[in-house]
Amino acid sequence: MLGQQADWIMALGEWEEYWQRNDIGFHQPQVHKILKNNIDKVLNGRKGVRFFFPLCGKAVDMKWLADMGHSVVGVEISEKAIRQFFEENNMTYTEEPVPAIPGAKVYKVGELHRKNISLYQCDLYTFACSIEGQFGAIWDRGSLVAINPADREKYAALIISLMAKDCRYLLETLLYNPDLYEGPPFFVPDEQLHSLFGTSCDIELLQSLDAMTDLQRQWGLDKFTQNAHLITPKGS
């Protein structure tokens, strides 16, 4: 099902090197259209929602949500990405160790800005609900599609553990022929999405778009589809 991608492994250090080289074509300078188009469905009438951003990078989406009064917690391996997020948005920040995660740091926006943003620099799989509790929303753009495909069950278990009963998890997946391009971003078939989350969650396809650009043609692809899903705990 995953073709040549099934056994693909990238070390955390490789992602850090992308940031050090400024080879970050995956970063988007504007708020992502999937988030903008579906924010009402994610919020579902709620105010002051706690958002989790796995593999957050320096996503401008975090400031956009914080400006609306929501709180944001992100996890990112690259210290450079986290510092750039605050600096590029003209925000002061504090830095402190995380006792529960050896070697980790948490960067928090300065009190003067009246925003609630905490970014953890650590391996995603060392993060847990014991650190920051559970979340009312998750925005997963470029995270599930970036992790090593062999780690997806571990990843899904972590995400589900971080979901509060009323959590609304917005997820982007990408569909293409994995035999033509080795990734990342990686191919995530709908069948696997349902095997990962379908037991405990309901999965709704919100939109499916032809996202083919010259970049994907350079990768050797002839078709590239971007799907947006809303995942919610069963019975919520």
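Against which elements do the buried residues of H4 pack? In this predicted model, the buried residues of H4 pack against H1, H3, S2 and S3, and also against strand S4 (105-109) and strand S5 (116-121). The strands named there belong to an open sheet of nine strands with mixed pairing, in the order S3-S4-S5-S2-S1-S6-S7-S9-S8.

**Strand S1 and its partners**

- Strand S1, which spans residues 50-54, is mostly covered, with four of its five residues buried.
- The chain passes from S1 through helix H3 (residues 61-67) to S2, and this β-α-β crossover is right-handed.
- S1 pairs with strand S2 (residues 71-76) in the parallel sense over five bridges, and within S2 it is Val75 that stands opposite Pro54.
- S1 also pairs in the parallel sense with strand S6 (residues 135-140), here over two bridges, and Phe51 has Ala137 in S6 as its bridge partner.

**Strand S9 between S7 and S8**

- S7 and strand S9 (residues 225-233) run antiparallel and are joined by seven bridges, whereas S8 and S9 pair in the antiparallel sense over nine bridges.
- Asn227 in S9 stands opposite Thr173 and also opposite Ser208, while Ile231 in S9 is the bridge partner of Tyr169.
- S9 is mostly covered, as nine of its nine residues are buried.
- In a regular strand the side chains alternate between the two faces of the sheet.
- In S9, Thr225, Asn227, His229, Ile231 and Pro233 point one way, Gln226, Ala228, Leu230 and Thr232 point the other way, and all are buried.

**Helices H2 and H4**

- Helix H2 (residues 33-43) lies across S1, S6, S7, S8 and S9, and it runs at about 155° to S7.
- The buried residues of helix H4 (residues 79-88) include Ala81, Ile82, Gln84, Phe85 and Phe86.
- An α-helix has 3.6 residues a turn, so residues three or four places apart point the same way.
- At the start of H4, the backbone nitrogen of Lys80 has a side-chain oxygen of Ser78 within 3.3 Å, and just after H4, Asn90 takes a positive phi of about 55°.

**Nonpolar cores**

- The largest nonpolar core has 41 residues, of which Phe52, Phe127, Tyr169 and Phe197 touch the most other members.
- Two or more residues of this core come from each of S2, S6, helix H6 (152-162), strand S7 (163-175), helix H7 (190-197) and strand S8 (201-210).
- Leaving out residues up to four places away in sequence, Phe52 touches Val73, Val75, Leu124, Phe127, Phe135, Ala137, Ile138, Trp139, Ile159 and Leu162.
- A second, separate core of 29 residues has Val49, Phe53, Ala59 and Ala66 among its members.

- The side chains of Gln5 and Tyr176 are joined by a polar contact of 2.7 Å.
- Not counting residues up to four places away in sequence, Gln5 touches Pro149, Tyr176, Pro178, Tyr181, Glu182, Gly183, Phe186 and Phe187.
- Ile131 has its place in helix H5 (residues 129-132), and with neighbours within four places in sequence left aside, Ile131 is in contact with Ala100, Ile101 and Tyr120.
- Ile131 and Ala66 lie 65 residues apart along the chain, and their C-alpha atoms are separated by 20 Å.

Notes: Residues are numbered from 1 along each chain as its sequence is written. This is a predicted model: local features need pLDDT of at least 70, side-chain atom pairs count only at pLDDT 80 or more; totals for chains, interfaces and linings use all residues. Side-chain values use heavy atoms; hydrogens and water are left out. A polar contact is a pair of N or O atoms within 3.5 Å; within protein, one must be able to donate a hydrogen and the other to accept it, and residues adjacent in sequence count only if both atoms are side-chain atoms. Contact means heavy atoms within 4.5 Å. Buried means under 20% relative accessible area, exposed over 50%, partly exposed in between (1.4 Å probe, protein chains only). Two strands pair if DSSP finds at least two bridges between them. A crossover is right-handed if, with the strands pointing away from the viewer, the path from the first strand over the helix to the second runs clockwise. A nonpolar core is a set of buried Ala, Val, Leu, Ile, Met, Phe, Trp, Tyr and Cys residues joined through side-chain atoms within 4.5 Å. Axes are lines fitted to C-alpha atoms, for helices over the stretch in contact, and angles run from 0 to 180 degrees between N-to-C directions.
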